[in-house]
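Hi everyone, thanks for coming. Let's take a look at a protein model together, starting with the overall picture and then moving on to a detail.

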Amino acid sequence: MQNVGGVDRLIRIVLGIVVMLWSLNAGNFWWIAGAVILATGLFRFCGLYKLLGISTCKLKTPT
């Protein structure tokens, strides 16, 4: 079940990596948020999108 696709996925992957690298360099715990953002891009699934009924994936998935 995928609901993240295309440009949305690319933005999540890049943003997740950037947040994680910044956080590890700054010595804070924002890397956790970066890891979640990265995971949603890699796995192509966002729980919030599921709750809101949103999908940016062009693949047709059965409901």
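I'll begin with the whole chain and then turn to one pair of side chains.

One thing to keep in mind is that this is a predicted model. What is the chain built from? It has 3 helices and 0 strands, so if you walk along from the N terminus, the elements read α-α-α. If you put a box around the C-alpha atoms along the principal axes, that box comes out at roughly 45 × 20 × 15 Å.

Now for the surface. The chain exposes about 4,700 Å², and 73% of that area comes from carbon and sulfur atoms. How many of the 63 residues count as buried? The share is 25%.

What about contacts across the sequence? Take the contacts between residues at least 6 apart in sequence: 67% of them join residues at least 24 apart.

Here comes the detail I promised. Side chains of opposite charge can pair when their charged atoms come close. The structure holds 1 salt bridge. Which residues form it? The partners are R12 and D8, and their closest N and O atoms are 3.0 Å apart. You can find both residues in helix α1, which covers residues 6-26. R12 and D8 sit 4 residues apart there, about one turn of the helix.

Are these two residues buried or exposed? R12 has 13% relative accessibility, so it counts as buried. D8 counts as buried too, because its relative accessibility is 16%, and the cut-off for buried is under 20%.

Key
Residues numbered from 1 in each chain as written. Predicted model: local features only at pLDDT ≥ 70, side-chain atom pairs only at ≥ 80, totals over all residues. Heavy atoms only, no water. Salt bridge = Lys/Arg side-chain N within 4 Å of Asp/Glu carboxyl O. Helix = DSSP H or I, 4+ residues; strand = E, 2+ residues; numbered from the N terminus. Buried < 20%, exposed > 50% of the residue type's maximum accessible area, 1.4 Å probe, protein only. Contact = heavy atoms within 4.5 Å. Areas by Shrake-Rupley, 256 points an atom, 1.4 Å probe, with all protein chains shown as cover.
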